[in-house]
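Colleague: I have a model open and would like to go through it with you. Could you take my questions as they come?

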Amino acid sequence: PVLDTEDAWVSVEGPVSIVELALEQKRIHYPLVEHQFVLCTILYAIMRLSLKSVKPLSLFDSQGKNAFFKDLTSIQLLPSGDMDPNVLSIRQQFLLKVVSVAVQTLCSSQKDKEVSEEELFPFEKGKNWPTLAVDLAQYLQISEDLVRRHYVCELYSYGMDHLGEE
């Protein structure tokens with residue numbers, strides 16, 4: 001971008017302006033940042049829902065694992081569309097587990113105390129874990145419909161028929 005400056009500012013001495021510093025920075029490789037975001041979301045889901053025996057790095061192939069340790073400004077090869085079926089199976093199991101635990105936690109707390117989702121997860125107002133799992137499915141190359149169907153089945157199995165119908 002072109003930044004026009006007034007003549008009075010050209011002769012000013014002192015430290016470099018923050019705008020000039022920002023323009024001198026290398027541009028980040030956005031897909032790599034998005035890849036890091038997916039890992040952070042997975043780690044947060046594991047922590048928040050207390051998922052046991054989940055190995056987060058097993059959800060990525062070797063190229064995906066290597067990309068985590070590269071500089072965000074580097075152009076890094078990310079996994080292509082062809083994935084190992086074993087990795088896809090592990091990803092699918094993880095997403096279905098997230099949906100199951102989220103519905104189980106919500107339903108058990110509502111039956112016990114009639115607690116709303118906002119009270120159960122006070123710092124996460126508006127965070128819908130099954131919706132998050134559907135969003136993650138897109139990044140992890142898993143069918144979103146599969147996750148949605150599992151969500152509906154879980155709602156019906158816990159007696160939340162009115163939500164399942166929606």
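Modeller: Gladly, and please keep in mind throughout that this is a predicted model. We can begin with Glu144, which is found in helix 8.

Colleague: What about Glu154, buried or exposed?

Modeller: Glu154 also lies in helix 8, which covers residues 144–157, but it counts as buried because its relative accessibility is 14%, and the cut-off for buried is under 20%. Apart from residues within four places in sequence, Glu154 is in contact with Ser100 and Val103.

Colleague: Let me step back for a moment. How many helices and strands are there in the chain?

Modeller: The protein chain has 9 helices and 0 strands. Of its 166 residues, 31% are buried, and the chain exposes about 11,400 Å², of which carbon and sulfur atoms supply 55%.

Colleague: And how many of the contacts between residues at least 6 apart join residues at least 24 apart?

Modeller: Taking the contacts in the protein chain between residues at least 6 apart in sequence, 67% of them join residues at least 24 apart.

Colleague: Next topic, then. At what angle do helix 3 and helix 7 pack?

Modeller: Helix 3, residues 30–48, and helix 7, residues 129–139, pack at about 145 degrees with their axes 11 Å apart, and helix 3 passes helix 7 in a left-handed crossing.

Colleague: Which residues make that contact?

Modeller: On the helix 3 side the contact is made by Glu34, Val38, Thr41, Ile42, Tyr44, Ala45 and Arg48, and on the helix 7 side by Trp129, Leu132, Leu136 and Tyr139. Sorted by class, the contact has 8 nonpolar, 1 polar and 2 charged residues. Several residues of helix 7 are buried, among them Trp129, Leu132 and Leu136.

Colleague: Which residues touch the most other members of the largest nonpolar core?

Modeller: That core has 30 residues, and Ile42, Leu51, Phe94 and Leu95 are the ones that touch the most other members. Two or more residues each are given to this core by helix 3, helix 5 (85–113), helix 7 and helix 8, with the largest share, 8 residues, coming from helix 5.

Colleague: And what does Ile42 touch?

Modeller: Not counting residues up to four places away in sequence, Ile42 touches Pro56, Leu59, Phe60, Phe94, Leu136 and Leu140.

Colleague: One last thing, the backbone. What is the phi of Ser50?

Modeller: Ser50 has a positive phi of about 55 degrees although it is not a glycine, and it is found in the loop between helix 3 and helix 4 (62–67). Ser53 is found in that loop between helix 3 and helix 4 as well, and its phi is positive too, near 55 degrees.

Colleague: Is Ser53 exposed or buried?

Modeller: Ser53 is exposed, with a relative accessible area of 73%, whereas Ser50 counts as partly exposed at 47% relative accessibility. Another positive phi, near 60 degrees, belongs to Gln141, which follows helix 7.

Terms used
Residues are numbered from 1 along each chain as its sequence is written. This is a predicted model: local features need pLDDT of at least 70, side-chain atom pairs count only at pLDDT 80 or more; totals for chains, interfaces and linings use all residues. Side-chain values use heavy atoms; hydrogens and water are left out. Axes are lines fitted to C-alpha atoms, for helices over the stretch in contact, and angles run from 0 to 180 degrees between N-to-C directions. Helices (H or I, at least four residues) and strands (E, at least two) are DSSP runs, numbered from the N terminus. A crossing is left-handed if the near helix is turned anticlockwise from the far one by less than a right angle, and right-handed if clockwise. Contact means heavy atoms within 4.5 Å. Ala, Val, Leu, Ile, Met, Phe, Trp, Tyr, Cys and Pro count as nonpolar, Asp, Glu, Lys and Arg as charged, and the others, Gly among them, as polar. Buried means under 20% relative accessible area, exposed over 50%, partly exposed in between (1.4 Å probe, protein chains only). Accessible areas come from the Shrake-Rupley method with a 1.4 Å probe; for residues, only the protein chains shown count as cover. A nonpolar core is a set of buried Ala, Val, Leu, Ile, Met, Phe, Trp, Tyr and Cys residues joined through side-chain atoms within 4.5 Å.
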